[in-house]
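These are my notebook entries on one structure. I record what I looked up, entry by entry.

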Amino acid sequence: MRLLLPFQSALFVVLVASAALAGEREKRALRTVLLSEHAEEDTHRIYVKGQVITTLRFETPVDPDKTKMIGWEGRIEPLAVVRNKVILEPLHDLNDDEAIPMVVTLMDGTEVPFLLRPPRHKDWGWSDQQVDVFKNRESHAAMHAALLDALEKNAKLSSENERFRKEETSEDHALAALLASGALEQTPFIPKETFSGKDEDSDVRATVFRGKDKVAVIFKVKNIHAENPWSVQRVQLSTLPDGKERSVAVRSSVREIPPGGSGVVAIVADGSAFMDEGVLKDLYLEVYRQDGRLQAYVALAHRLIAR
């Protein structure tokens with residue numbers, strides 16, 4: 001990790017691929033699995049993380065003598081069966097190419113195959129912590145769980161559609177798009193500070209810009225990983241020191257950067273984001289890459305805003 005702190009600067013930048021996801025930010029992952037009529041033909045993936053307990057909960061009791069994992073030694077604690085629950089705890093994070101087969105056998109003889117995998121980086125950055133498994137799709141509990149899942153997905157889609165609608169007419173998103181495309185001269189921004197950092201997966205150069213009542217940050221990223229593409233999973237802007245989230249516009253030159261390739265991520269924050277109950281506060285910008293790890297964070301001093 002490199003800490004870059006320029007003399008008398010209005011900001012500081014750290015470019016880093018942090019191995020830890022901030023614990024307080026990890027969401028509890030509750031998921032529902034509905035088995036088909038031929039459960040043995042459908043292998044469900046369970047996403048596990050090192051030293052994080054994952055619980056599979058079934059409608060009926062589990063047979064502990066016939067519930068087994070294959071090749072788990074040294075990677076996962078011995079599984080525990082408590083009535084209708086199977087409890088898993090990996091000793092460490094699984095590698096991207098690792099998979100551990102597991103078969104859960106219910107007391108009625110039904111065998112349910114699973115595959116233990118590391119978290120899906122592009123879909124979410126956290127593991128399954130509770131998986132409710134329903135054999136009877138018509139049961140009240142199964143139908144209730146399916147309804148809750150459908151409502152949650154619908155709420156997310158509605159929220160995304162509203163966000164996209166606002167982005168279509170947002171000045172900040174238009175400015176971020178211009179910056180991402182390299183059209184700096186068409187924007188009101190003036191470069192203020194430039195920093196760089198490198199880890200085993202990426203080489204990043206960051207430039208902070210000031211504008212009238214706006215601040216922008218451009219990340220120029222070169223993907224030096226031999227196999228994996230690089231992309232932005234999420235960007236978060238919050239006040240210092242109390243952590244109140246603020247809206248921020250983000251645009252990328254490409255959806256994902258292939259190995260050996262380069263791309264640009266542009267971020268624009270309005271001056272109103274610095275205001276909290278009539279007081280100007282500094283902001284904290286975090287950029288998380290495709291695997292959920294923190295790639296860079298920037299502390300932006302409120303005096304960056306040119307008025």
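I looked up the residue just after helix H2, and Gly182 there takes a positive phi of about 95 degrees. Helices here are DSSP runs of H or I with at least four residues, strands are runs of E with at least two, and both are numbered from the N terminus. The model is predicted, so I noted its limits: local features need pLDDT of at least 70, side-chain atom pairs count only at pLDDT 80 or more, and totals for chains, interfaces and linings use all residues. Residues are numbered from 1 along each chain as its sequence is written, and side-chain values use heavy atoms, with hydrogens and water left out.

**Helix H2**

I went to the other end of H2 next. At its start, a side-chain oxygen of Ser170 comes to within 3.3 Å of the backbone nitrogen of Asp172.

Which residues of H2 are buried? I found Asp172, His173, Leu175, Ala176, Leu179 and Ala180 in this helix, which covers residues 171-181. Viewed down the axis of H2, these buried residues fall within an arc of 160 degrees, so they line one face of the helix. The arc is taken from the directions from the helix axis to the C-beta atoms. Glu171 and Ser181 are exposed, on the face turned away from the buried side. Buried means under 20% relative accessible area and exposed over 50%, with partly exposed in between (1.4 Å probe, protein chains only).

**The whole protein**

I counted two helices and 22 strands in the protein. Of its 307 residues, 44% are buried. Among contacts (heavy atoms within 4.5 Å) with a separation of 6 or more, 64% are between residues 24 or more positions apart.

**Two nonpolar cores**

I then looked for nonpolar cores, meaning sets of buried Ala, Val, Leu, Ile, Met, Phe, Trp, Tyr and Cys residues joined through side-chain atoms within 4.5 Å. The largest has 25 residues, of which Val215, Phe219, Leu237, Ile267, Leu285 and Leu300 touch the most other members. Strands S13, S14, S15, S18, S21 and S22 each give two or more residues to this core. Strand S14 gives the most, with four residues. A second, separate core holds 21 residues, including Phe58, Ile76, Leu94 and Val133.

**Backbone angles in loops**

Most residues other than glycine have a negative phi, and most peptide bonds are trans.

Arg83 has a positive phi near 55 degrees. This residue is in the loop between S7 and strand S8 (85-88), and Arg83 counts as exposed because its relative accessibility is 58%.

Glu277 also has a positive phi, near 55 degrees. Glu277 lies in the loop between strand S19 (275-276) and strand S20 (279-280). At 73% relative accessibility, Glu277 counts as exposed.

Where is the cis peptide bond? I found it from Leu240 to Pro241, with omega near 5 degrees. Pro241 lies in the loop between strand S15 (232-239) and strand S16 (245-246).

**Ile70**

Is Ile70 buried or exposed? Ile70 counts as exposed because its relative accessibility is 58%. I placed Ile70 in the loop between strand S6 (68-69) and strand S7 (80-82). Leaving out residues up to four places away in sequence, Ile70 touches Ile100 and Pro101. Between Ile70 and Val103, 33 residues apart in sequence, the C-alpha to C-alpha distance is 8.8 Å.

Terms used
Polar contact = N/O pair within 3.5 Å; in protein donor to acceptor, adjacent residues only side chain to side chain.
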